[in-house]
Amino acid sequence: MDGIPPIALDAMGGDHAPGEIVAGAVKAVRELGVPVVLVGAPRAISEALATHDARGEIPIVRAEEAIAMDEGALASLRRPRSSIAIACHLVRRGDASAVVSAGSTAGVVATGKLRLRAQPGVLRPAIAVPLPTRPRPTVLLDAGATTDVKPEILVQFAHLGIAYAETALGVARPRVGLLTIGGEAEKGNKVTKRAHELLSAAPNVHFAGNIEGHDLLSGTVDVIVTDGFTGNVALKTMEGTVRYAFAELREAIASGPVARFGALLQRGRLRALRRRLDPEAYGGAVLLGLNGTVVIAHGSSTAGGIAAACSLAATLARHDTVTRIGEQVTAGSRSHRRR
């Protein structure tokens with residue numbers, strides 16, 4: 001095992017809960033060596049474990065309620081004993097090293113903020129999502145946690161993204177780009193133009209300047225900073241574009257014998273491309289800036305995606321990402337006060 005407390009996995013969150021969630025937990029434990037504790041309704045979890053001959057293999061912590069996929073942030077207050085709330089409580093108590101949930105993003109974010117609280121100096125939490133760029137993923141944040149921001153918050157997002165890129169992706173000196181409507185410093189609204197000034201002067205940030213929408217998958221930077229509204233729209237647009245492109249590709253392949261033969265010759269490359277563009281392969285998004293690690297898997301995650309999310313959570317816990325983020329935020333705050 002990893003030598004860390006187990007990952008608290010919300011067994012009741014997700015479109016395919018608890019079946020696929022439990023299957024992912026079994027996969028994480030048996031194939032990846034990641035310790036897991038399942039949080040939710042014991043009877044349903046036990047029945048799902050039985051289908052994998054895994055009863056008694058993974059601990060279960062009872063949760064009396066669950067936040068439905070169509071519930072929003074207020075559900076975190078209405079359901080204080082939900083599975084995601086209990087999972088966060090385990091982390092806060094030190095009985096778990098991280099939380100993983102495929103549940104409602106709004107519910108997970110609100111519950112995480114309520115139960116784990118923001119780290120000292122963190123103005124707003126941010127959702128970090130890896131984009132499938134080459135030669136390594138690019139971190140996009142914020143992808144939906146904080147929609148209305150000030151320039152100082154965007155600078156802090158850069159510090160959160162730097163810490164994440166260093167610990168999760170092994171990037172020695174992450175390059176940071178600011179997403180706006182033009183590459184020139186004067187392009188953008190008042191918030192992005194002021195953020196550009198602050199990022200340019202930040203001594204602990206390797207700022208590469210502004211980037212535009214067509215640069216999102218170019219790999220020219222390691223961290224892309226934006227507000228949660230813009231970031232979420234950009235992310236969903238990319239995901240929809242990828243689905244559309246693959247649908248068109250399948251139709252083209254099926255158009256005739258020559259096309260099918262050509263696809264057969266390129267089968268290995270097509271499979272590799274599909275794996276690289278599959279959101280589940282990256283384990284999901286990470287809610288940064290709280291006193292605990294929270295990984296948000298896709299709501300439609302299958303067992304493989306849940307196992308990848310547990311593996312990502314374990315990696316972040318082993319590298320003590322929460323502490324690293326705290327150090328980065330503190331260093332950024334000090335440099336900002338000196339200016």
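Start by selecting Glu166, which is partly exposed, with a relative accessible area of 22%. Partly exposed lies between buried (under 20% relative accessible area) and exposed (over 50%), using a 1.4 Å probe and protein chains only. You are looking at a predicted model, where local features need pLDDT of at least 70, side-chain atom pairs count only at pLDDT 80 or more, and totals for chains, interfaces and linings use all residues. Residues are numbered from 1 along each chain as its sequence is written, and side-chain values use heavy atoms, with hydrogens and water left out.

The term means a side-chain nitrogen of Lys or Arg within 4 Å of a carboxyl oxygen of Asp or Glu. Helices (H or I, at least four residues) and strands (E, at least two) are DSSP runs, numbered from the N terminus. Arg324 is partly exposed, at 22%.

Now select Glu71 and Arg78. Their side chains form a salt bridge at 3.4 Å, N to O. Glu71 is buried, with a relative accessible area of 13%.

Last stop: Glu57 and Arg30. Their salt bridge spans 2.9 Å, N to O. Glu57 lies in the loop between α2 (42-50) and β3 (60-62), and Arg30 in helix α1 (residues 19-32), 27 residues apart. Glu57 is partly exposed at 36%, and Arg30 is partly exposed at 44%.

How many salt bridges does the structure hold? It holds eleven.
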